[in-house]
Protein chains: 4
Amino acid sequence: MSVDRLKELRSQVDVVNLKILDLLNQRARLVSDIGHVQAELGTSFYDPQREAEMLTALEQNNNGPFSNETIKALFREIFRASLALEEKEARAKILVQRKSPTDKTIIRLPDGTEIGNEHFTVIAGSCAVVSFEQMDMVGAALAERGVRVMRGMAFKPRTSPYDFQGLGEPGLKIARQVANKYNMYVTSEIMDKSQISMMSDYVDIFWVGARNMQNSPLLKALGQVRQPVILKRGLSATLEEFLYAAEYIVSSGNANVILIERGIRTFERWTRNTLDISAVAILKLESHLPVVVDISHSAGRRDIALPLARVAKASGADGLMVEVHPNPPVAMSDAKQQLSISEFNALMDEIEKVHVTP
Amino acid sequence: MSVDRLKELRSQVDVVNLKILDLLNQRARLVSDIGHVQAELGTSFYDPQREAEMLTALEQNNNGPFSNETIKALFREIFRASLALEEKEARAKILVQRKSPTDKTIIRLPDGTEIGNEHFTVIAGSCAVVSFEQMDMVGAALAERGVRVMRGMAFKPRTSPYDFQGLGEPGLKIARQVANKYNMYVTSEIMDKSQISMMSDYVDIFWVGARNMQNSPLLKALGQVRQPVILKRGLSATLEEFLYAAEYIVSSGNANVILIERGIRTFERWTRNTLDISAVAILKLESHLPVVVDISHSAGRRDIALPLARVAKASGADGLMVEVHPNPPVAMSDAKQQLSISEFNALMDEIEKVHVTP
Amino acid sequence: MSVDRLKELRSQVDVVNLKILDLLNQRARLVSDIGHVQAELGTSFYDPQREAEMLTALEQNNNGPFSNETIKALFREIFRASLALEEKEARAKILVQRKSPTDKTIIRLPDGTEIGNEHFTVIAGSCAVVSFEQMDMVGAALAERGVRVMRGMAFKPRTSPYDFQGLGEPGLKIARQVANKYNMYVTSEIMDKSQISMMSDYVDIFWVGARNMQNSPLLKALGQVRQPVILKRGLSATLEEFLYAAEYIVSSGNANVILIERGIRTFERWTRNTLDISAVAILKLESHLPVVVDISHSAGRRDIALPLARVAKASGADGLMVEVHPNPPVAMSDAKQQLSISEFNALMDEIEKVHVTP
Amino acid sequence: MSVDRLKELRSQVDVVNLKILDLLNQRARLVSDIGHVQAELGTSFYDPQREAEMLTALEQNNNGPFSNETIKALFREIFRASLALEEKEARAKILVQRKSPTDKTIIRLPDGTEIGNEHFTVIAGSCAVVSFEQMDMVGAALAERGVRVMRGMAFKPRTSPYDFQGLGEPGLKIARQVANKYNMYVTSEIMDKSQISMMSDYVDIFWVGARNMQNSPLLKALGQVRQPVILKRGLSATLEEFLYAAEYIVSSGNANVILIERGIRTFERWTRNTLDISAVAILKLESHLPVVVDISHSAGRRDIALPLARVAKASGADGLMVEVHPNPPVAMSDAKQQLSISEFNALMDEIEKVHVTP
């Protein structure tokens, strides 16, 4: 009987839902009319005092069971939605949200290379550009294995101001030179919107690091560039925050965004961060943007690179990102997690061993 | 005319507002009934699939001007409010929930000593019982400062099976002897319900450690003892889980439960755990049970014991717990966080310096 | 030159290391001799006062750069090691630690079924036993797909004492009956050591839940049973704590332990927990015990079960655990995460699609 | 005889102890030298591979009686102590580190108002500037209670690009006007270094939000301004990262930095964030900079504002920050946590009730 009673109550809720729906839209039409009158009168649409009066009236008429607090919270949302209706309706739908199961953004690089379309993309390179020799050794190794997008980091966000902060523009020059030599594309981290114009001369794909995931002036500015943007998830960003960060870029005009899951900060100390592999599955479900797994920063240790690469490939991600250095123990940053060239080759072999029958 | 028209439109909005208010409360009553049926069926209040179905129905019936996105967002808020109402109703029925601002549980020890009633209680003692001499030195120091409840830990839950696991019953004998000598009460950790009968001969207050906060067979068994029970918050227990753990004891028959906030596990590494001082404020708001702050395990370092003691006193907690050892550097466990006797005296002085005018 | 200087300094450190090594062992021999004399004298080996005197002497002779605090901490470790030498040397090596790359524990069930040896094992079944019909439907579906180990949970650890706590022994009877009918093994959660004897009549593999991962009396008692034990990682347990928890069982006599990674508690709210897939790679590196991935409790949502299953298979885990229910929406617990039978079949198909070439 | 033998053995141990002491310090000096070389080379102090090699060498040279396990455990402690020493030395050199117990930075505002010197400072105001009327009402209320620093936020970092992003420069104008009227100072959030010049016309204290704590271009640029800077701890920043972020500003030339603890992101859901009150104690211990507690964003709920204010005052912090709004329910952001004016007055009363005798 409980089950029958549940059914009955639910159908009553359904009826009430539709009545509320109808009233909300009725209210929206009235508010829209008010907006037109206010426009004629030259007064501002947002009127906190009027809102306060309405809330007081609602409080006085509220007999529960919802508390006054709850009623006011719900109506505040309704007010906010009405306000939004005129101001933002056009852009209010979230652009990064997947609209259908086949909806996907494919990033096309100038020579036709695609990211986000079947092929599992490997993005690789040293943590930071230090010298032409280092970049050249790595570049040759990457090219040999068919890697098309190379890290060329010249600005390094570091915890301490006394740590190596990157070579700056000279580093970008080196990266460009090596990429040209091996017919690859350069991705490089941008830390401030003032760098856009200079970096545009060298960089094929902009890279926004975890610390800048919510740097909205930077994100908005990257909405105006012609290059694709790689956006890393913040250290403790929820997936919702991550998608909204991407929305800042896309809604500003640049649809070519690649999401990188790079591990989140947790209590566990045997890895640098905790790779959130479920995030990949959820991001592919919620968004049409390509998703790449960073197996270097998530683990912070090279001895589990192979299993993590297998996991990334099997997860449905569109690719992985891995740090490679000709001589990891002497790297100026991230020494513990960068792969040597032979380890990188083993990694590429391992990736090829993983097959998921469609 | 525009002004008249504005007035007219606004009064129409007022009418619609009250209709929505009425429907929202009508809906809340239905959902509350559904909650009761669900409780009978033993299913959880939150049902994402049902919500998805309702949202789809609303979308199909929405003719604007609110977009489907907006309508769904507003209804998600309504669902959330309804869920909160159900959960609040469910919690309102639980025994540990405070029913009025003056509702409080006062623990009365045999000689009339009270915990939870104005007086700020200090519970202190060594991390573990190791010898009579050690306990006697600490006991004398505690008694001199008026401490009435002494730690007498004889079973130590340890990460490694090869670490010191406590003296067992001989340790309890020592604790009892020292407590009797100084006219104090003994609190001691219990790790398994099979220990209840033996421990009852020695122990005045049972102590449930963080690792056992959700050991429900133990909690239920402690619902049957005559002694009060100290319950520590689990390392990563939410406050909701903490209160429900206390509910296991209280609903099994023992109303005398003392809650201890002892820090939660987070990413921060300069403290052993993160003392969640807001938890004290919320626990006092939500529950009538006494709340004590463990300043030793939360910080894991003795050099901030004084500010933490001030904070505990000012927070509205009913007391604090601190570890004291005659010679901390040679302690067999928790060496870094135990206070020496002179440090303990400084702590007691500090506590006396904090005044909150009522 | 810096590099040369580094080399030189390091070789000096190497020399000092060996001198310290020599002195530590020299000291250990002396302490061992002292132990024999103390045995003759009938005095206890642990002498805190003597330790305090030695520490004072060290403080007085310490000229830095190590602070007195550090020196005392280091010597406390040396004292502790000396103490351990006689008491624990025999059992001091960690049994669960992998000793060589090929070292692996293979769990053998009575009919020869193996866990931990090449084959990817699927452990499945409903969250809780509710009725024979439910178990029978699930059992038939599992058997058809070759599953050999079935969940048969009769004791449910729940947050609230008012939630469904499981059927108890009658539930075990049902599980046994269904397992026998389909020639499967039953694994069932144990919550208190007092249940061992009764449960042994029904259960092929004991199951220790996340909440009991550090319930050492239970772990020690399970060291004495003949059945294998599945041990789940605690909600916020580090991998180090997880391995030590397994060590409690193994060092008490039962070598047949299976580790389950089931997600850790983090800030992310779109999944119930965060599946720590790197943990699998590290556990396989550090330990010889089989490792299984729980794709149900980690995600808490069924819509990402397929990618998580692919990930589990590719990670190098020895198997996965998944919850299956004939009608998930009406399940009494974990309704959101249990798979229907058709979803389970899709999952088994998906697992078969993942191949990792050796 | 046994007693004599014991004495003799003990004096031999004493000699060995001192030799070990000497070698440990000798080793520490070498490691310190290595640290200097590593700093020159820009490599990190912690080098697990080098440690692994040393442990292997020790194992190969160990003839007992200590087992290899024990020797490795002891040397791991020695390595850890050496690493701590190096890190402590590195930190001791940074500018924000407190050099002596009386070392403190006092921020002096133009009229002589001081922050960081005995007086407990209250910084207050609305979450965002929306209108002159709102700011004027709040300003009047703050001025009446002696508040000297007012929030005047015109750029709001928001999760969604569709949320209210602040009024921009017109908002700053309003804030300036109100501050002038009531003889107060304005603090306002800066989101990008390009805003510095414009904002300098309106703002007395720059404010860096949690999302920008590691925006190093912004921090460096703020090292060049004449105004003090309020720096909020990032959502998941460790205290070490927080101090290094302040170091970016101070080492770029601006010594007047105020640190704000504003809660960290954890699993707990009954508060918006978890106020880390121990952080205040540790920041006061480690740094000479003023520390302020944000009781609004940490809790995210106004009903525990009073206990949190008491806690902040007792903690040794130099002040607190609280959001105040003439009508919180209609606020465009942070509606749930802002205090009404009467609640703010109650808060000021409560703060006055807390006394800590020096």
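Q: What makes the meeting of Asp33(D) and Arg5(C) a salt bridge?
A: In this predicted model, the side chains of Asp33(D) and Arg5(C) come together with an N to O distance of 4.0 Å. A salt bridge asks for a side-chain nitrogen of Lys or Arg within 4 Å of a carboxyl oxygen of Asp or Glu, so this pair meets the rule. The count between chain C and chain D is 1 salt bridge.

Q: Which elements of chain C give two or more residues to the side that touches chain D?
A: They are helix H1 (2-41), helix H2 (48-61) and helix H3 (68-88) of chain C. H1(C) gives the most, with 30 residues. By kind, the residues on this side of chain C divide into 28 nonpolar, 13 polar and 16 charged.

Q: How many residues does the contact take from chain C and from chain D?
A: It takes 57 residues from chain C and 57 residues from chain D. The area buried between the two chains is about 5,400 Å², and carbon and sulfur atoms give 72% of that area.

Q: Now to chain B: why is Gln337(B) called buried?
A: Its relative accessible area is 3%. You can find Gln337(B) in the loop between strand E10 (319-323) and helix H12 (341-353) of chain B.

Q: What makes the link between the side chains of Gln337(B) and Arg272(B) a polar contact?
A: The distance is 2.6 Å.

Technical notes
Residues numbered from 1 in each chain as written. Chains lettered and ligands numbered in written order. Predicted model: local features only at pLDDT ≥ 70, side-chain atom pairs only at ≥ 80, totals over all residues. Heavy atoms only, no water. Helix = DSSP H or I, 4+ residues; strand = E, 2+ residues; numbered from the N terminus. Buried < 20%, exposed > 50% of the residue type's maximum accessible area, 1.4 Å probe, protein only. Polar contact = N/O pair within 3.5 Å; in protein donor to acceptor, adjacent residues only side chain to side chain. Contact = heavy atoms within 4.5 Å. Buried area = accessible area lost by both parts, 1.4 Å probe. Nonpolar A, V, L, I, M, F, W, Y, C, P; charged D, E, K, R; others polar.
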